[in-house]
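User: I would like to learn how to read a protein model, one feature at a time. Please start with the terms for how open a residue is.

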Amino acid sequence: MELKRVVVTGLGALTPLGNTVSEYWNGLINGVSGAAPITRFDASKFKTQFACEVKGYDPEKYFDRKEARKMDLFTQFAMVVADEAVADASLVEGNYNPDRVGVIWGSGIGGLRTFQEECVNFANGDGTPRFNPFFIPKMIADISAGHISIKHGFRGPNFVTVSACASATNAIIDSFNYIRLGMADVIVTGGSEAAVTEAGIGGFNALKALSERNDSPETASRPFDNDRDGFVLGEGAGALILEEYEHAKARGAKIYAEIIGGGMSADAHHITAPHPEGLGALNVMKNVLRDANIKPEEVDYINVHGTSTPLGDISEVKAIKTVFGDHAYKLNISSTKSMTGHLLGAAGAIEAIASIMAVQNNVVPPTINHFTDDENIDNRLNFTFNKAQEREVKVALSNTFGFGGHNTSVIFRQFND
């Protein structure tokens, strides 16, 4: 069967750099750091006392108080960005069939704050089981997709993918496949995460995964820098409207870009550490190029996973050099996590948006906080250090990897009718 073309017709973002897509993109191209001391709880006794939090978020701007109390923060974030994306795509009653519009979302953790609060309340009680009746519906990761579909009346495919930090990209790939196989006309996809909690920070500290640069939070996320010491935890959400091309054309939708490939692989190596030679990263980029039916030389920009961990950055660079050969030196590469921090299950969504906006605007956002070269990383590569660069971006590839060895990649191309 002939696969259908899939385009991006709407975007929504709620990030540590801004609470709309335009604010987010402006923060990216200006090299703004979203890291600051934690405000969500008293972190004074934690090894890491900072994070990339969403700023100026007021749930009552979006929900009535009673409604907000029934949703964990990660679901609120999902609802806000889905609303922005749906409006941006001009999806209005009458220009789509609700039975053919789905929601496929991603979250690596789900309602961590809700789970933490309910368990702490029980532990501090007398053993009598007193739980909020909304405990389970607030906590479960799939509820975000449920809330989006209920609000908008979308009755197509509906579920949430969970693959740690690869979750949102897996959701995007699933959405892409459902549409090109003819199983839906439109899918709201992306991811959300709200893990800046005592359990989130404490758990990642116990893994020794987080930066502990408390004296300089804004410079703590340092992908590819010699002195990187771990990632910075972020929170927020990103949403994309993926749509079958003929359907989008028929309703006169604006088109940001075309999604042309999705790739997946597994490291099959370790529960948290990447394969030292980047084998899984190498395979996933080969897979996405094959699926997109393009040559490595056609890629202009890679939005890398680039978490600022000692092992992860090196293995990803090794994989890029192997897959792209000499063309690797003609690419722009950047890690927007240097600004947003790591949004875990939502990372793939906001990084897909960064890639799409790079294609739209022919500007590559920077990798900030580079101070010292790492002798283990080939610094002849163009990591777009510290300042955005203008260049033609016809094709952008976005990598997202997760604990458990989950690897995902997607490719966006400049749209041509």
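Analyst: Start with relative accessible area: a residue is buried under 20%, exposed over 50% and partly exposed in between, with a 1.4 Å probe and only protein chains counted. Arg155 is exposed here, with a relative accessible area of 55%. This is a predicted model, in which local features need pLDDT of at least 70 and side-chain atom pairs pLDDT 80 or more, while totals for chains, interfaces and linings use all residues. Residues are numbered from 1 along each chain as its sequence is written, and side-chain values use heavy atoms, without hydrogens or water.

User: Which residue does the side chain of Arg155 meet in a salt bridge?

Analyst: A salt bridge is a side-chain nitrogen of Lys or Arg within 4 Å of a carboxyl oxygen of Asp or Glu. The partner of Arg155 is Asp99, at 2.6 Å from N to O. Asp99 is in the loop between H3 and strand S4 (101-106), and Arg155 is in the loop between helix H6 (143-152) and strand S5 (158-161); the pair links distant parts of the chain, 56 residues apart. Asp99 is partly exposed, at 43%.

User: How many salt bridges does the structure hold?

Analyst: The structure holds 19 of them. One is between the side chains of Lys254 and Asp88, at 2.7 Å from N to O. Lys254 lies in the loop between helix H9 (245-250) and strand S8 (257-266), while Asp88 is in helix H3; these distant parts of the chain are 166 residues apart. Lys254 is partly exposed, with a relative accessible area of 40%, and Asp88 is also classed as partly exposed, at 21%.

User: What does the salt bridge between Glu277 and Lys318 tie together?

Analyst: The side chains of Glu277 and Lys318 meet at 3.4 Å, N to O. Glu277 is in the loop between S8 and H10 and Lys318 is in helix H11, so the bridge ties together parts 41 residues apart in sequence. Glu277 has a relative accessible area of 48% and is partly exposed; Lys318 is partly exposed at 32%. Salt bridges can also share partners: Arg5, Glu258 and Arg413 are joined into one network in this way.

User: Next, pockets. What is the volume of the largest pocket?

Analyst: Rolling a probe the size of a water molecule over the atoms shows where empty space is left. On a 1 Å grid over the protein atoms alone, a cavity is a set of points where a 1.4 Å probe fits but cannot get out; a pocket is an open set with protein on both sides within 12 Å along at least five of seven lines, and lining residues have an atom within 4 Å of a point. Points are joined across faces, edges and corners, and the volume is the space filled by probe spheres set on them. The largest pocket has a volume of about 590 Å³. It is lined by 35 residues, and those closest to its centre are Thr272, Ala273, Pro274, Thr309 and Phe403. Helix H10 (279-292), helix H11 (310-324) and strand S13 (395-402) are the elements that give two or more residues to this lining. H11 gives the most, with six.

User: How do the residues of that lining divide by type?

Analyst: Ala, Val, Leu, Ile, Met, Phe, Trp, Tyr, Cys and Pro count as nonpolar, Asp, Glu, Lys and Arg as charged, and the others, Gly among them, as polar. The lining of the largest pocket has 14 nonpolar, 16 polar and five charged residues. The second largest pocket has a volume of about 410 Å³. Of its 18 lining residues, Ala68, Arg69, Met71, Gln76 and Lys138 are the closest to the centre. Its lining divides into five nonpolar, three polar and ten charged residues.

User: Last, the backbone. Where is Ser308 found, and is it buried or exposed?

Analyst: Most residues other than glycine have a negative phi. Ser308 has a positive phi of about 85 degrees. Ser308 is in the loop between S9 and H11, and it is buried, at 0%. Asn293 also has a positive phi, near 60 degrees. Asn293 lies in the loop between H10 and strand S9 (301-303) and is exposed, at 67%.

Conventions: Helices (H or I, at least four residues) and strands (E, at least two) are DSSP runs, numbered from the N terminus.
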